[in-house]
Amino acid sequence: MYGYSGKILHVDLTTRKTWVESKPEEWYKIYIGGVSMASRLCWENIEVGCDPLSPGNPICIANGMFAGTPVPVGGKYGLASKSPLTGFIGDSLSSSWFTIALKRAGWDGIVIHGASDDWVYVFIDDDRVEFRDASQLLGLGTFQTEETIREELGDDQVRSATIGPAGEKLVRVASVTNDSRQAGRTGHGAVWGSKKLKALSVRGTHGVSVADPDALLQLSYDITQAAQGPHTQKYRILGTMANVLNLNRLGILPTRNYQQGVFEYAELISGEYLHEHYHVKTIACAQCPIACEQMSQVKDGPYAGAMTGIDYEPLYAVGSNCGVKDLRAAIKTIDICDRGGMDAMSTGVTISWAMETFERGIFTKEDFKCAKYPEGFEPNFGNAEAVVTLAEMIRDREGIGDLLAEGSKRASAQVDAERGTETWKWAMHIKGLETPGYDARGLKTFALGLAVGTRGACHNRTAAYDPDIKGEVDRFSVDETRGKLAKSTEEYAAVYDTLPLCKFIRRCFTGKADRAGAWPAIAKLINATTGWDFDYDAVDLIGERAFTIKKAFNIREGWTREDDHLPWRWMHEPMKEGPSAGYVVSEEELEYMKDLYYEAKGWTKDGLIPKEKLIALGMDDVAEEIGV
Amino acid sequence: MPTSTSKYQYITCDPTKCVGCQLCEYICSYVKTGEFNTYRSRIRTVRAEEILITAVACRTCEDAPCVIACPRDALSQDPNTGIIHVDANRCDGCAWCVEACDFGAISINPETKTAEICDMCEDLEDGPQCVKWCPKEALELTTPDRRAQRSRRKLAVEEVLGR
């Protein structure tokens with residue numbers, strides 16, 4: 001087999017035993033890699049119905065066929081566990097050296113079972129596995145943990161995925177970080193923390209072979225060259241931060257906990273402003289010829305010295321969404337999240353819930369006492385220092401940070417139970433995962449895509465904003481096309497997330513990002529790597545299968561149609577101003593679109609998957625368990 | 001800080017352009033070993049701190065310390081190109097050359113136990129493959145003299161035009 005070793009490494013933290021599982025080529029042809037293979041490994045290895053923070057929830061890592069080759073942007077891996085935020089599949093992606101080290105060590109995937117009694121880090125040195133004491137790493141930030149392990153092992157090519165202080169304290173919005181990239185969403189850091197696993201370190205010294213290296217080199221060279229042109233200009237220069245002004249113009253830039261869609265200070269937090277004042281260096285993930293990460297540094301004021309890569313999604317969450325107009329405070333907050341090991345999106349949106357709860361008089365200054373402010377503070381929207389402080393308090397579970405560390409769904413439920421309030425109405429999440437940087441009241445196809453998303457409110461797992469924003473459909477109304485569009489855009493995204501390839505390369509194959517423009521080229525890359533004979537249809541099926549295994553996982557964990565919901569605010573409070581003013585997504589609209597979507601997917605009206613559908617996708621054993 | 005004393009060409013990296021993607025290492029290891037393995041690359045990317053990134057290969061020093069250090073006379077320097085050649089029959093992988101190199105540009109092949117050093121792809125018509133592949137044009141073949149000329153020109157532009 002080319003492109004794969006055929007081997008999955010199992011590590012049990014309870015018994016400290018390891019074993020190797022061989023998988024047949026047919027299994028790889030169905031699950032491929034990335035989020036699909038990681039989710040499948042989770043399906044195979046979880047104790048069904050377990051608490052996500054119990055030993056029965058496995059950590060599942062899957063790299064891809066392109067890792068360790070010159071295929072541009074192919075150095076990514078999928079990470080899956082049952083999410084402590086949603087109780088459903090938590091599938092995340094990260095990238096760069098860690099996945100390539102894993103590939104060279106000879107592993108297609110890693111499954112970590114059980115839980116350790118003492119803090120440990122696991123060192124995978126090619127085919128040798130070592131359980132190492134992690135007590136000296138406790139409390140260290142993510143980047144510092146990686147460096148300390150490299151020092152300790154004496155090799156700067158050792159790559160580690162780590163958790164920061166937030167993961168150690170089981171903060172539910174905690175992430176897993178490697179090479180300054182995050183498997184950010186759905187709370188993986190808490191799962192690692194529950195197992196007392198501080199880091200997973202890898203040294204891989206073997207070479208990677210492919211079926212047709214000459215063909216693969218030529219294809220890769222051409223894509224690398226195309227990736228320097230206009231197709232990636234947005235990412236190379238402003239990065240995703242170019243979105244701030246675009247989305248503000250459309251009236252969908254989340255502002256003050258989604259009470260508004262237009263931020264009057266958008267210019268001050270724009271990609272253009274960031275680039276001019278704070279940008280210090282553009283860097284790339286390993287194996288990426290685009291380079292989109294805009295490293296930004298605060299040079300003056302109380303947050304001087306803070307530095308991290310700034311992307312749109314973390315920025316809207318801790319910026320406009322908290323009413324913050326000072327980029328220096330936003331960079332500081334994201335720096336705290338990145339080094340502390342937290343998802344800046346969920347952190348920001350949970351903070352904005354707390355700010356609104358304060359402004360409505362339910363929380364008072366007293367609730368915000370902490371070591372830094374013994375008398376408490378007043379977190380009105382726009383109070384930048386309050387956002388910085390709350391991020392630190394969540395990371396350390398200090399004071400009210402202990403409540404907010406649970407994420408907006410649990411925090412609001414707890415407050416409402418204790419105080420008889422209805423703060424859940426402005427808790428902005430779907431299935432427990434906080435909403436992304438697009439207000440869906442002005443993007444109705446996207447609203448459907450988010451509602452039915454298997455990991456909750458995620459802009460990466462559905463590209464349904466595309467037809468809305470491009471004007472291919474009326475973004476303010478619903479019609480019979482939306483079910484098919486939601487299916488088509490989520491499966492499109494899932495092809496990239498499964499191979500996995502970074503979506504920023506999508507226009508570089510032929511200049512056109514649609515299926516016709518990309519799938520034939522991707523089929524050539526797959527075939528040159530593996531020696532298979534994939535065609536357009538085979539590539540297209542990758543996405544449908546990926547979504548199917550994730551959905552099957554959720555069904556087995558108790559998913560019902562009611563779980564495909566939207567935040568109350570988007571369904572009941574019309575947007576107040578701007579180009580999207582007056583719009584909500586009504587109950588009737590949402591249920592109508594869900595019917596259309598389940599029908600387009602070939603599922604039942606209850607959203608369950610028929611046996612024959614699963615068998616047609618090659619998932620006979622899944623059909624046995626959850627098919628109807 | 002060690003500097004090259006070379007009159008010869010070598011591969012240099014502009015750290016303001018390098019993004020740390022490692023494509024140079026992929027292509028180098030493939031050209032030299034037939035596999036993709038950055039461990040076996042003769043050019044190495046370095047990320048010293050989060051934003052300090054560059055790549056390093058042999059600087060073809062004059063009176064190369066690695067040649068002098070070799071106890072078995074396995075290394076020799078081509079008088080025309082400055083490229084260091086390794087006689088695999090003599091080299092026993094003792095790594096004295098690795099220690100002698102101020103640039104960290106030499107490594108020992110873990111399987112054959114011989115030294116490996118950048119040869120600027122001298123046997124290939126289109127020259128060093130890392131330079132050809134570098135997506136950000138951060139790598140180039142140059143000499144210290146040419147770098148000095150460029151620095152002078154840059155200085156002139158800055159001082160005269162103030163930009």
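Helix 2 of chain A is largely enclosed by the rest of the structure, because eleven of its twelve residues are buried. This is a predicted model. The buried residues of helix 2 of chain A are A:Gly34, A:Val35, A:Ser36, A:Met37, A:Ala38, A:Ser39, A:Arg40, A:Leu41, A:Cys42, A:Trp43 and A:Asn45. Buried here is a matter of counting: 20 or more other C-beta atoms must lie within 10 Å of a residue's own. The length of the helix can be checked too. Helix 2 of chain A covers residues 34–45, and at 1.5 Å a residue its twelve residues should span 16 Å. The end C-alpha atoms are 17 Å apart, which agrees.

Strand 1 (residues 7–12) and strand 2 (residues 17–22) of chain A pair in the antiparallel sense, over six bridges. They form a hairpin with four residues between the strands. One of the residues in this hairpin, A:Arg16, takes a positive phi near 55°. Strand 1 of chain A also pairs with strand 6 (residues 109–113) of chain A. Here the strands run parallel, joined by five bridges. A:Leu9 stands opposite A:Val20 in strand 2 of chain A. A:Leu9 also stands opposite A:Ile110 in strand 6 of chain A.

Further along chain A comes an open sheet. Which strands form it, and in what order? Six strands take part, in the order 8-7-12-9-10-11, and the pairing is mixed. Strand 8 (128–133) and strand 11 (181–183) of chain A stand at the edges. Each has a single partner strand, so one side of each is left without a neighbour in the sheet. Neighbouring strands of this sheet are turned by 20° against each other on average, direction ignored.

Within this sheet, look at strand 9 (residues 159–162) and strand 10 (residues 176–178) of chain A. They pair in the antiparallel sense over two bridges. A:Ala161 stands opposite A:Asn178 in strand 10 of chain A.

Helices pack against these strands. Helix 3 (residues 97–104) of chain A lies across strand 9, strand 10 and strand 12 (197–203) of chain A. Helix 3 of chain A runs at about 120° to strand 9 of chain A. Helix 4 (residues 142–153) of chain A packs on the sheet as well. Helix 4 touches strand 7 (120–125), strand 9, strand 10 and strand 12 of chain A. The direction of helix 4 makes about 140° with that of strand 9 of chain A.

Some loops of chain A hold backbone details. A:Ser96 lies in the loop between strand 5 (89–95) and helix 3 of chain A. A:Ser96 has a positive phi of about 85°, although it is not a glycine. Is A:Ser96 buried or exposed? With 25 C-beta neighbours inside 10 Å, A:Ser96 counts as buried.

A:Asn257 is found in the loop between helix 9 (243–249) and helix 10 (271–277) of chain A. A:Asn257 is not a glycine either, yet has a positive phi of about 55°. A:Asn257 counts as buried, because it has 26 C-beta neighbours inside 10 Å.

A cis peptide bond joins A:Leu499 and A:Pro500, with omega about -25°. A:Pro500 sits in the loop between helix 19 (482–498) and helix 20 (515–530) of chain A.

Now move to chain B. Chain B has five helices and eight strands. Along the sequence they follow the pattern β-α-β-β-α-β-β-α-β-β-α-β-α. The radius of gyration of chain B is 16 Å, close to the 15 Å that the globule rule gives for 163 residues, so chain B is as compact as a globular protein of that length. Its C-alpha trace spans about 55 × 35 × 30 Å along the principal axes. Of the 163 residues of chain B, 38% count as buried. Take the contacts in chain B between residues at least 6 apart in sequence: 55% of them join residues at least 24 apart.

Last comes the meeting of the two chains. How many residues of chain B are in contact with chain A? There are 20, and they are in contact with 29 residues of chain A. Helix 1 (residues 23–33) of chain B gives the most to this side of chain B, with five residues. The residues of this side divide into 13 nonpolar, four polar and three charged.

Key: Residues are numbered from 1 along each chain as its sequence is written. Chains are lettered from A and ligands numbered from 1 in the order in which they are written. This is a predicted model: local features need pLDDT of at least 70, side-chain atom pairs count only at pLDDT 80 or more; totals for chains, interfaces and linings use all residues. The radius of gyration is taken over C-alpha atoms; the globule rule is 2.2 Å times the number of residues to the power 0.38. Two residues are in contact if their C-beta atoms, placed from the backbone, lie within 7 Å. Two strands pair if DSSP finds at least two bridges between them. Axes are lines fitted to C-alpha atoms, for helices over the stretch in contact, and angles run from 0 to 180 degrees between N-to-C directions. The expected span of a helix is 1.5 Å times one less than its number of residues. Ala, Val, Leu, Ile, Met, Phe, Trp, Tyr, Cys and Pro count as nonpolar, Asp, Glu, Lys and Arg as charged, and the others, Gly among them, as polar.
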